[in-house]
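Visitor: Could you take me through this structure, please? I would like to begin with how its elements are named.
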Amino acid sequence: MAEVVVLGSAEEAGALVADAIWRLVDSDPAPVLGVATGSTPLVVYRALAATRGGRDLSGLRAFALDEYVGLSPDHPQSYRRTLLTEFAEPLGLDVGQVVVPDGDPARLPSAGAAFEQALAEAGGVDLQLLGIGTDGHIGFNEPGSSLASRTRVKTLTEQTRRDNARFFDSLENVPIHCVTQGLGTILDARHLVLLAFGAAKAAAVAAAVEGPVSASCPASIIQFHPHVTVVLDAEAAGELANLRYYQGVWERKPGWQGI
Ligand code: GLP
């Protein structure tokens with residue numbers, strides 16, 4: 001089952017996950033990191049920037065999960081711009097080190113295949129960061145997404161558009177379509193690290209970790225993956241029925257050195 005780690009705060013979670021990323025980076029000259037947007041992973045990006053030190057990150061590549069369709073790449077709410085501002089620039093990475101699905105309407109027919117090809121050429125993702133939507137989506141794979149899907153165009157649900165409207169002037173300005181890695185694409189990453197904080201995520205987390213594997217909760221595909229770590233605060237862990245089995249287990253593993 002997934003390794004479930006419940007910590008006292010989002011900041012502690014960010015520090016733990018940043019530590020796992022540095023262990024990857026320090027052991028691999030060409031690490032491939034899967035990066036996510038939304039507010040949840042920001043604690044990880046801040047912890048990375050604070051602990052970067054003098055590392056040479058020139059061999060690192062980062063691949064984004066998803067992008068809105070129809071926002072210019074420099075639109076402040078495009079995921080490309082967000083990842084450059086929140087993740088790449090604080091670490092001193094070049095723009096070319098971050099690959100984001102292409103949401104330009106003119107290139108949509110080939111955007112999925114082009115992204116999959118770039119990902120394959122990089123050798124696949126070593127560690128994939130994931131948030132989770134309140135409806136159980138990961139990336140922008142909304143309920144009903146094929147469990148075997150690859151990077152493609154999807155339509156956002158009303159709930160996701162409402163959830164994300166806080167980043168835009170109004171609900172009408174939230175794009176309707178996106179290009180997202182598929183669930184099959186995400187499963188190919190060698191280590192999945194799903195983060196969630198706050199009570200609003202508790203039901204989705206419980207469905208993902210303990211519910212049946214189902215397209216109704218796309219995040220439940222993490223149960224098919226051999227190496228998953230779910231990093232939560234107490235509120236996001238609040239609806240896990242089997243929490244007593246998970247909590248503290250990770251601390252007691254002999255030789256446990258972090259996720
Ligand atoms: C968006 C992103 C997801 C993210 C989700 C949750 O829909 N496409 O990758 O997990 O939002 O966002 P937040 O972390 O802000 O709750």
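Predicted model: local features only at pLDDT ≥ 70, side-chain atom pairs only at ≥ 80, totals over all residues.

Visitor: Then where is the place of His191?
Guide: His191 is located in strand E9, which covers residues 191-196.

Visitor: Is that residue, His191, buried or exposed?
Guide: The relative accessibility of His191 is 7%, and the cut-off for buried is under 20%. His191 therefore counts as buried.

Visitor: Which side chain does His191 join in a polar contact?
Guide: The side chain of Thr229 is the partner, with a polar contact of 2.8 Å.

Visitor: And how many bridges join E9 to strand E10?
Guide: There are five, and the two strands run parallel; E10 comprises residues 228-233. Within E10, Val228 stands opposite Leu192.

Visitor: What is the order of the strands in the sheet?
Guide: The sheet is open, with seven strands in the order E1-E10-E9-E6-E2-E3-E5 and parallel pairing. Its edge strands are E1 (3-7) and E5 (98-99), each of which pairs on one side only.

Visitor: Let us turn to the rings. How many aromatic pairs does the structure hold?
Guide: It holds six aromatic pairs. In one of them, the ring centres of Tyr68 and Phe168 are 5.6 Å apart and the planes stand at 85°, so this pair is edge-to-face. The two residues are 100 residues apart and link distant parts of the chain: Tyr68 belongs to strand E4 (residues 66-68), whereas Phe168 is in the loop between helix H5 (158-164) and strand E8 (177-180).

Visitor: Are Tyr68 and Phe168 buried or exposed?
Guide: Both Tyr68 and Phe168 are buried.

Visitor: What about Tyr79 and Phe140?
Guide: Tyr79 and Phe140 form a stacked aromatic pair, at 5.7 Å centre to centre with 15° between the planes. Tyr79 lies in helix H3 (residues 79-91) and Phe140 in the loop between strand E6 (127-130) and strand E7 (152-155), so the pair ties together parts 61 residues apart in sequence. Tyr79 counts as buried at 9% relative accessibility, and Phe140 is buried with a relative accessible area of 2%.

Visitor: Which residues form one aromatic cluster?
Guide: The cluster is made up of Tyr68, Tyr79, Phe140 and Phe168.

Visitor: And what lies over the face of Trp22?
Guide: Arg55 does, at 4.1 Å from the ring centre.

Visitor: Now the ligand. Which residues come nearest?
Guide: Of the 14 residues around the ligand, the nearest are Ser39, Thr40, Asp66, His137 and Lys201. A side-chain N or O atom of Thr40 is 2.5 Å from a ligand oxygen. For His137, a polar side-chain atom lies 2.8 Å from an oxygen of the ligand. Asn164 has a side-chain N or O atom 3.5 Å from a ligand oxygen.

Visitor: How much of the ligand does the protein bury?
Guide: The protein buries 94% of the 390 Å² that the ligand exposes when taken alone.

Visitor: Which backbone oxygens lie by a polar atom of its side chain, that of Gln97?
Guide: The backbone oxygen of Leu57 is 2.8 Å from a polar side-chain atom of Gln97, and that of Leu60 is 2.9 Å from a polar side-chain atom of Gln97.

Key
Residues numbered from 1 in each chain as written. Heavy atoms only, no water. Phe/Tyr/Trp six-rings, centres within 6.5 Å; stacked < 30°, edge-to-face > 60°. Helix = DSSP H or I, 4+ residues; strand = E, 2+ residues; numbered from the N terminus. Buried < 20%, exposed > 50% of the residue type's maximum accessible area, 1.4 Å probe, protein only. Lys NZ or Arg CZ within 6 Å of the ring centre and 35° of its normal. Near = heavy atom within 4 Å. Polar contact = N/O pair within 3.5 Å; in protein donor to acceptor, adjacent residues only side chain to side chain. Areas by Shrake-Rupley, 256 points an atom, 1.4 Å probe, with all protein chains shown as cover. Pairing = 2+ DSSP bridges.
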